[in-house]
Amino acid sequence: MAATGDKFTKQTTAQEAVDTLADNIKGRYIVVTGPSPGGIGYETARAIATKEPKLLVLAARSQAKLDQAKADILKETPNANVETVILDLDSLASVRQAAKEISAKGQLDVLINNAAVMMTPYGKTSDGFETQFGTNYIAPWLLTNLLLPNLLKSAHPRVVFVSSMGHQFGDIRWDDIDYSKGDYDKTNSYGQSKTASILNAKYLAKKFGSQGLTAVALHPGAIPTNLGRHLEEGDIAALSSFFNEDGTPNMSLGFWKSIPEGATTTITAAFDPRWEKQNGAYLVNSQVAPLQKAGEEIPYGTENILALWADDDKSAERLWELTNKLTNENF
Ligand SMILES: NC(=O)c1ccc[n+]([C@@H]2O[C@H](COP(=O)([O-])OP(=O)(O)OC[C@H]3O[C@@H](n4cnc5c(N)ncnc54)[C@H](OP(=O)(O)O)[C@@H]3O)[C@@H](O)[C@H]2O)c1
């Protein structure tokens, strides 16, 4: 039996995780989206690079940040085979171009959909989707589907969606997914986009599991990164118990994770053989999260619970069909 991360905890670092799961990284072609320095995508990529992947592709919208990430990775692991691809999740044309470039590089084994935005002001992507739904859900959905024919040729294909405990803030708004009625709520919208990514993993597992695909979603933890760049004073006030007076995260609370700890669940999701038998799982701290009980209110700040609405098979199928319509696709 290959090594697993069943003993990993909240404190396990990404480096410890790749040390354990190294055999599942060596010789494989892996894509990580959103690996900007200072984020958990970067730490995920950095750790993977130390374990001899056949090819590691960093995909993001800024060539300057990609170059910096690649240079930093090569400083630590000079022999790593690292390439970059421009991917702007704001534009489905960019997603299509990136998918072509990623596929042209060879037989893909693992796709890690990490990139996202959080609590952005109301806006629309180039294709007219509400920013968070379009960036965090629609674009990764399309990227994944475009790469599937390639991925499914792998011996152990895997797709990972870095979701969030924030999924607890919003179910899918079936009657107005784009907030066109003018009642935009950035927290609820982030929640909707992250619920959608969990449902996406679930449906991919169901639809393509028999062809060998494993699809997993996860909450990485609460980690001080650049994700909070759109937070305003009022947002910080609502979360004030987690911050020091100067606005920095209060790391002594046991709530936050460091960046090395924050990439661990992504590594586990991508390389742990356990999920082949628990396809469609939602992970927190590298383990399957318990499901909310019917009628149970999830206390604010509870990380380790999957909301019932993100575990709903009918919603997963309905969302898939709706996304086909919204993108004029037929996956
Ligand atoms: N940090 C946390 O506490 C936390 C908690 C729960 C879930 N998460 C999830 O973890 C993942 C990584 O977040 P992080 O905390 O590491 O934040 P981050 O440092 O802001 O990283 C997000 C990445 O996504 C990229 N990105 C954003 N919009 C994009 C677009 N339109 N096209 C392509 N790339 C885009 C960013 O690129 P730029 O640098 O160019 O903006 C960056 O590389 C996200 O899915 C987030 O929702 C994080």
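This is a predicted model: local features need pLDDT of at least 70, side-chain atom pairs count only at pLDDT 80 or more; totals for chains, interfaces and linings use all residues.
Local features need pLDDT of at least 70 and side-chain atom pairs pLDDT 80 or more, while totals for chains, interfaces and linings use all residues. Residues are numbered from 1 along each chain as its sequence is written, and side-chain values use heavy atoms, with hydrogens and water left out.

**Exercise 1.** Work out the strand order of the sheet and find which strands stand at its edges.

*Solution.* Start with the strands (DSSP runs of E, at least two residues, numbered from the N terminus). Two of them pair if DSSP finds at least two bridges between them. Eight strands form an open, mixed sheet, ordered β3-β2-β1-β4-β5-β6-β7-β8. Now look at the edges: β3 (82-86) and β8 (287-288) each have a single partner strand, so one side of each is left without a neighbour in the sheet.

**Exercise 2.** In which sense do β4 and β5 pair, and over how many bridges?

*Solution.* Find β4 at residues 110-113 and β5 at residues 158-162. They run parallel, with four bridges.

**Exercise 3.** Describe how the protein surrounds the ligand.

*Solution.* First, count the shell, taking residues with a heavy atom within 4 Å of the ligand. It holds 30 residues, the closest being Ser 36, Arg 61, Asn 114, Tyr 190 and Thr 225. Second, sort the shell: 13 are nonpolar, eleven polar and six charged. Here Ala, Val, Leu, Ile, Met, Phe, Trp, Tyr, Cys and Pro count as nonpolar, Asp, Glu, Lys and Arg as charged, and the others, Gly among them, as polar. Third, check distances to ligand oxygen atoms. A side-chain N or O atom of Arg 61 is 2.7 Å from one. For a backbone N or O atom of Val 162 the distance is 3.4 Å. Finally, take the area (Shrake-Rupley method, 1.4 Å probe). Alone, the ligand exposes 880 Å², and the protein buries 96% of that.

Notes
A residue is near a molecule or strand if one of its heavy atoms lies within 4 Å of it. A polar contact is a pair of N or O atoms within 3.5 Å; within protein, one must be able to donate a hydrogen and the other to accept it, and residues adjacent in sequence count only if both atoms are side-chain atoms.
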